[in-house]
Amino acid sequence: MDPKSAEFTADNPLHILGFVFEELSATRVSGRLTVTDKCCQPFKVLHGGVSALIAEGLASLGAGIASGYKRVAGVHLSIHHIRPAALGESVFAESFPVSVGKNIQVWEVRLWKTKETEKKKMISTSRVTLLSSLPVPDHAKDSLDQLKKFVSKL
């Protein structure tokens, strides 16, 4: 993996797990993940911490875009695990803003397991509160340019 690639910049931990973004905007962030051994707990179902990682990642990216590509920082995550997603199943994740203020944003994140022959079933629902509009450190400014390029390609 090229550390200068857009996927690396967008969210390296999600990229490592195989998460693929479908939409990145100030009003919606979505993507997919196939449940593999990398993201399972010992009982071969999606680890709850991975669901939380997806929630934090999607909300942070959306909030960063909504703030005009300022730095954001999560300050609270609340997650409800509803049902498991088993090894090999496909997971669809979507995030959207509940409130976008100058300094605080709140994003809702929902994870669904999907099968081509079945209706999607909710796995988890989360709320992420983020501090927004933080200054971007000089050493990270090139990451923002790469993120903007990635967003423009989706």
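Which residues does Asp 11 touch, not counting residues up to four places away in sequence? Asp 11 touches Phe 21, Gly 57 and Leu 61, where contact means heavy atoms within 4.5 Å.

The legends below describe a predicted model, in which local features need pLDDT of at least 70, side-chain atom pairs count only at pLDDT 80 or more, and totals for chains, interfaces and linings use all residues. Residues are numbered from 1 along each chain as its sequence is written, and side-chain values use heavy atoms, with hydrogens and water left out.

**View 1. Asp 11 in helix α1.** Helices are DSSP runs of H or I with at least four residues, strands are DSSP runs of E with at least two, and both are numbered from the N terminus. Asp 11 counts as buried because its relative accessible area is 14%; buried means under 20%, exposed over 50% and partly exposed in between, with a 1.4 Å probe and protein chains only. Asp 11 and Val 100 are 89 residues apart in sequence, and their C-alpha atoms are 21 Å apart in space.

**View 2. The aromatic pair of Phe 19 and Phe 21.** The structure holds 1 aromatic pair. Its arrangement is edge-to-face, with 5.1 Å centre to centre and 70° between the planes. Rings of Phe, Tyr and Trp (its six-membered ring) pair if their centres lie within 6.5 Å; planes under 30 degrees apart count as stacked, over 60 as edge-to-face and the rest as tilted. Both Phe 19 and Phe 21 are buried.

**View 3. Gly 62 in helix α2.** The relative accessible area of Gly 62 is 0%, so Gly 62 is buried. Leaving aside neighbours within four places in sequence, Gly 62 is in contact with Ser 25, Ala 26, Val 29 and Trp 107. Gly 62 and Val 72 are 10 residues apart in sequence and 9.8 Å apart in space, C-alpha to C-alpha.

**View 4. The largest pocket, with a volume of about 430 Å³.** A pocket is found on a 1 Å grid over the protein atoms alone, as an open set of points where a 1.4 Å probe fits, with protein on both sides within 12 Å along at least five of seven lines; lining residues have an atom within 4 Å of a point. Grid points are joined across faces, edges and corners, and the volume is the space filled by probe spheres set on the points. The lining has 20 residues, and Lys 70, Arg 71, Val 72, Leu 144 and Leu 147 lie nearest the centre. Two or more lining residues come from each of α1 (6-17), α2 (48-66), β3 and α3 (141-153). Helix α2 gives the most, with 5 residues.

View 5. Tyr 69 counts as buried because its relative accessibility is 18%. At 34% relative accessibility, Ser 133 counts as partly exposed.

**View 6. Glu 89 in the loop between β3 (71-81) and β4 (90-100).** Glu 89 is buried, with a relative accessible area of 13%. Beyond residues up to four places away in sequence, Glu 89 touches Leu 33, Thr 34, Val 35, Pro 84, Lys 113 and Lys 115.
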